[in-house]
Amino acid sequence: MATIQDKARALISSKLKVAESEITEEKNLFNDLGADSLDFVELSMMMEREFNVKFTEADTSKVKTVSDLFGLIERYASK
């Protein structure tokens, strides 16, 4: 069974056109993986649909790394 990280990594890979093997927790979504602000908004929406959650703008504004995104998803998915 795929974990939250596996599913999120697949979505990041699909959206940003980056190999899943390059998506490690310490990577910065913007500087390392090439996301821009529109990519990030779309990626957030994809994550919300996939995991049936709704993020606040305050929380998403703090996300910089893949690890930050994983943590956000896990926090909302566990509510």
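Student: Is glutamate 48 buried or exposed, and what relative accessible area does the residue have?

Tutor: Buried means under 20% relative accessible area, exposed means over 50%, and partly exposed lies in between, with a 1.4 Å probe and protein chains only. Glutamate 48 has a relative accessible area of 14%, and therefore counts as buried. Please keep in mind that this is a predicted model, in which local features need pLDDT of at least 70, side-chain atom pairs count only at pLDDT 80 or more, and totals for chains, interfaces and linings use all residues. Residues are numbered from 1 along each chain as its sequence is written, and side-chain values use heavy atoms, with hydrogens and water left out.

Student: Which side chain meets glutamate 48 in a salt bridge?

Tutor: A salt bridge here is a side-chain nitrogen of Lys or Arg within 4 Å of a carboxyl oxygen of Asp or Glu. Glutamate 48 is paired in this way with lysine 54, at 3.9 Å from N to O; lysine 54 is exposed, because its relative accessible area is 61%.

Student: How many salt bridges does a search of the whole structure find?

Tutor: The search finds four, and one of them joins the side chains of arginine 75 and aspartate 59, at 3.3 Å from N to O. This pair links distant parts of the chain, since arginine 75 belongs to helix 4 and aspartate 59 to helix 3 (residues 57-60), 16 residues apart. Helices (H or I, at least four residues) are DSSP runs, numbered from the N terminus. Aspartate 59 is buried, with a relative accessible area of 16%, whereas arginine 75, at 42%, is partly exposed.

Student: Where do aspartate 6 and arginine 9 lie?

Tutor: Both are in helix 1, three residues apart, which is about one turn of the helix, and their side chains form a salt bridge at 3.8 Å, N to O. Aspartate 6 is partly exposed at 36% relative accessibility, while arginine 9, at 18%, is buried.

Student: What span should helix 1 have, and how far apart are its end C-alpha atoms?

Tutor: The expected span of a helix is 1.5 Å times one less than its number of residues. For the 13 residues of helix 1 (residues 4-16) that gives 18 Å, and the end C-alpha atoms are 18 Å apart, which agrees. Lysine 17, which follows helix 1, has a positive phi, near 55°.

Student: Which residues of helix 1 are buried, and what covers them?

Tutor: The buried residues are Ala8, Arg9, Leu11, Ile12, Ser13 and Leu16, and their cover includes helix 2 (37-51) and helix 4 (66-77).

How values were computed:
Helices (H or I, at least four residues) and strands (E, at least two) are DSSP runs, numbered from the N terminus. Contact means heavy atoms within 4.5 Å.
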